[in-house]
Amino acid sequence: MLEEAGRIVAINNESLLVETIQRSTCGSCAAQKGCGQTLLNRMGGKPTYLRVLLAGRASDSYKVNDNVIIGIPDDIVVKGSLFVYLIPLFLMLVFAGIAHTYFLHEAISIAAGVIGFMLGGFLIKKHACSHRDDERYHPVLIDDIRPAELIFEN
């Protein structure tokens with residue numbers, strides 16, 4: 001499971017809105033010098049806001065600005081990445097190949113490839129909207145992080 005620390009920015013009855021700045025993956029990757037994520041983190045990193053389901057926990061036990069650890073299952077990350085990257089590329093190649101086979105004109109093949117790529121993006125957006133409320137795709141609350149002052153006092 002991929003874990004990330006975050007800060008609660010809003011609380012609702014069944015979920016928390018957690019702000020994260022992704023830094024955990026940068027220390028474990030071999031391509032640090034050529035990675036865009038590392039460059040973004042050096043420039044300050046932009047926060048990401050995630051809706052985290054409480055999964056039966058009481059919302060009144062959390063406060064805004066509390067720190068928490070959230071997690072996303074590895075298989076969801078891998079499947080999602082493959083889907084997001086491969087579907088548009090596959091459709092682009094299929095559409096361009098079909099256009100090249102039947103029309104033998106480069107401009108038509110390029111246009112068909114662009115149409116296939118855009119169709120792939122549309123299918124991804126449709127898939128994301130249809131699975132928006134699916135609990136399998138939401139991050140889960142793993143643990144609370146106690147402030148450093150409390151850790152040293154006990």
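1. The side chain of E19 makes a polar contact with the side chain of Y49 at 3.2 Å, and another with the side chain of R7 at 2.6 Å; a polar contact here is a pair of N or O atoms within 3.5 Å, where, within protein, one must be able to donate a hydrogen and the other to accept it, and where residues adjacent in sequence count only if both atoms are side-chain atoms. E19 belongs to strand β2, residues 15–20, and it counts as buried, with a relative accessibility of 16% (buried is under 20% relative accessible area, exposed over 50%, and partly exposed in between, with a 1.4 Å probe and protein chains only). Once neighbours within four places in sequence are left aside, E19 is in contact with G6, R7, V9, P47, T48 and Y49, contact being heavy atoms within 4.5 Å.

2. This is a predicted model, in which local features need pLDDT of at least 70 and side-chain atom pairs count only at pLDDT 80 or more, while totals for chains, interfaces and linings use all residues. Residues are numbered from 1 along each chain as its sequence is written, and side-chain values use heavy atoms, with hydrogens and water left out.

3. As for the overall fold, the protein has four helices and five strands, and from the N terminus the elements follow the order β-β-α-β-β-α-α-β-α; helices (H or I, at least four residues) and strands (E, at least two) are DSSP runs, numbered from the N terminus. Among contacts with a separation of 6 or more, 73% are between residues 24 or more positions apart.

4. Of the 154 residues, 22% count as buried. The largest nonpolar core consists of nine residues, namely I8, L16, V18, V52, L54, Y62, V68, I70 and L141, and strands β2 and β4 (67–72) each supply at least two residues of this core. A nonpolar core is a set of buried Ala, Val, Leu, Ile, Met, Phe, Trp, Tyr and Cys residues joined through side-chain atoms within 4.5 Å.

5. V78, L82, V84, Y85 and L86 make a nonpolar surface patch of about 500 Å²; patches are made of residues with over 30% relative accessible area and no salt bridge, with like charges joined within 9 Å and nonpolar side chains (Val, Leu, Ile, Met, Phe, Trp, Tyr) within 5 Å. A salt bridge is a side-chain nitrogen of Lys or Arg within 4 Å of a carboxyl oxygen of Asp or Glu. Y85 lies in helix α2, residues 74–103, and is exposed, at 58% relative accessible area.

6. Two backbone angles deserve a look, given that most residues other than glycine have a negative phi. N65, in the loop between β3 (48–53) and β4, has a positive phi near 80° and is partly exposed at 48% relative accessibility. L104, in the loop between α2 and α3 (106–130), has a positive phi near 50° and counts as exposed at 67% relative accessibility.

7. The loop between β3 and β4 also holds S59, whose C-alpha atom is separated by 7.0 Å from that of E14, although the two residues are 45 residues apart along the chain. Leaving aside neighbours within four places in sequence, S59 is in contact with I11, N12, N13 and L54.

Terms used:
Areas by Shrake-Rupley, 256 points an atom, 1.4 Å probe, with all protein chains shown as cover.
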